[in-house]
Each structure stands twice: as C-alpha cells, then as structure tokens.
Amino acid sequence: MLFGDASTTKPYRNDPRVELHGPGFSKVILGLDAAKNWEQHIDVMISSILANGGRSCINASAVWTPASAHAIADALAKRLATVEALPVDDPNAQLAAFANPQTAQRISAIIDQGMPGATDLSAKHRGAPRLVQRGRCAWLLPTIIDCPLEHPLANREFLFPYASVIECPAGEIPSAIGSTLVATVISNDRDFVRSLMNCPDVDRLNVGPIPTWQLSWDQPHEGNLFEHLYRQRAFQMAGAT
C-alpha cells in the first residue's frame, strides 16, 4: 500500500502488487449561481482545504469557479492566514508538523520555483514566510495560489493546506478538471450538476455544501450488480435547508 503525490505513485501505476492511494486532486467546484454568492460557501471551501491538516488526498487542492476567482482566493487566503504553527500536543493545533524539516523545505521550494505567473495571496495577508522551523520540526502554513488554468501550480497538491483558485467557464469545467478523487459541486443548475455527474474524471461526487473530506462509505461499490451495470461511483447530496 502506497500513499503519495503524482511523482511518488507514478512508478507503481501499473504494478498490480501495489495498492495506490493518491494523488487525489480533490476540488470544490462552484456553478455560476454559486459563484455570484461565493461568500455563502467560504466555510465549505475552508474546511475542505484545512481539515485534517490538509494532508489527505480527499482535502481540496483546488477551487474551480466560473467567476470571482480573485475575490475568492483573497478571502480564503485572509481566513487561512490566521492559522498558526502550534506544537503537536496543543489542542488547538490545526497543522501537522514535518518530522523531517527537509521535506517541508523541499515542498516550499517547489512552490516558490513555480510562482512566476501566479500570486501567493497567503503571503500578502500573513506577512510571514510559509515555512516555519522550530527545533527538529517544521510546518508549512496554509497557502492559497491565484493562477490561470494553464499554470503549473493550478494542478498540484501537497502535504499541507494548499489550494489553487482557478477561473474557468462553467461549460468547460467538466472537461478541464482532470483526474479528481472527490469533487464537491455547489450549484442549483441541474444541467451543470448533471455534467459533473457524467464526468468520467470524478470518482466521488458531493452535490451541495459538503466538504470534500466528508465521506460515507456505506454505499455499494463492488461485489454486486452495480459493478456490472454502472461505473462504480459514490454519491451524496446535502439536504434542503
């Protein structure tokens, strides 16, 4: 069993002896209607990015929206800039420490090297470096990147709360998002939601304001008629409020 990003798992992609978990490239996706009222959905985006230290492949590594990308990115960066690097035994700790500081250093360097053409809005609001080192441990503070769809940092995920915010026309999103472990789509546009239900790149679809990490594994996936009749996919929808 192997957990890791694209570079870690790639050599074993076709090895039947290895069960791979990752990369996830999970996403929060706003429809045009939700993008007009994005402030109502900021908590779902924050939770999807930050929960569990942002370390899981079911954490969102991108927010896709057909409008207001810069405003969304700026709001996310401002909120997440308040998250601090706290000792692992602190009950208020929201970030996981890297026992090997070199791992954190390497990740931070990769992001910095890829920055041309993108903006680290977290740095603006935090006014402090992303990398924090104390003693033998290191932390990476949440990082929100505002960048175009074609930018190298638009489709990356890292072992800390990192997300890019990407603006893309709603009609192009299903064909542009690429491999996605979990997608949370927020929209009342039935055609838009249906287009993502039909998207072969999405493994798990959450419809409504459900954080990407909030999963339910009690749905049929294998060993029954579903396996033969339908593409295996889990599904859940937020109740009406």
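Strand β4 spans residues 60-65 and is mostly covered: six of its six residues are buried. The model is a predicted one. Buried here means under 20% relative accessible area.

**Around β4**

β4 pairs with two strands. With β3, the pairing is parallel and runs over four bridges. With β9 (residues 162-167), the sense is again parallel, also over four bridges. Tryptophan 64 stands opposite isoleucine 166 of β9. Lysine 27 has alanine 62 as its bridge partner in β4. In β10, the bridge partner of lysine 27 is alanine 183. β3 and β10 run parallel and are joined by four bridges.

The pairings described so far are set out below.

| Strand pair | Sense | Bridges | Residue pair |
|---|---|---|---|
| β3 and β4 | parallel | four bridges | lysine 27 and alanine 62 |
| β3 and β10 | parallel | four bridges | lysine 27 and alanine 183 |

**The sheet**

These strands belong to an open sheet of eight strands. Its order is β5-β8-β9-β4-β3-β10-β11-β12, and the pairing is mixed. Strands of a sheet pair through backbone hydrogen bonds, in either a parallel or an antiparallel sense. The edges are β5 (119-120) and β12 (234-237), each of which pairs on one side only.

**Helix α8 against the sheet**

Helix α8 lies across β3, β10, β11 and β12. It runs at about 155 degrees to β11. Which residues of α8 (residues 190-197) are buried? They are Phe192, Val193 and Leu196. Viewed down the axis of α8, these buried residues fall within an arc of 100 degrees, so they line one face of the helix. The face turned away from that buried side carries the exposed residues Arg190 and Asp191.

What covers the buried residues of α8? The cover includes strands β3 (26-30), β10 (180-186) and β11 (202-207), along with helix α7 (173-176). At the start of α8, a side-chain oxygen of aspartate 189 comes to within 3.0 Å of the backbone nitrogen of aspartate 191.

**The whole chain**

The protein chain holds nine helices and twelve strands. Of its 241 residues, 47% count as buried. Take contacts between residues at least 6 apart in sequence: 65% of them join residues at least 24 apart. The chain exposes about 12,500 Å², and carbon and sulfur atoms supply 52% of that area.

Technical notes. Residues are numbered from 1 along each chain as its sequence is written. This is a predicted model: local features need pLDDT of at least 70, side-chain atom pairs count only at pLDDT 80 or more; totals for chains, interfaces and linings use all residues. Side-chain values use heavy atoms; hydrogens and water are left out. Buried means under 20% relative accessible area, exposed over 50%, partly exposed in between (1.4 Å probe, protein chains only). The arc is that of the directions from the helix axis to the C-beta atoms. Contact means heavy atoms within 4.5 Å. A polar contact is a pair of N or O atoms within 3.5 Å; within protein, one must be able to donate a hydrogen and the other to accept it, and residues adjacent in sequence count only if both atoms are side-chain atoms. Two strands pair if DSSP finds at least two bridges between them. Axes are lines fitted to C-alpha atoms, for helices over the stretch in contact, and angles run from 0 to 180 degrees between N-to-C directions. Accessible areas come from the Shrake-Rupley method with a 1.4 Å probe; for residues, only the protein chains shown count as cover.
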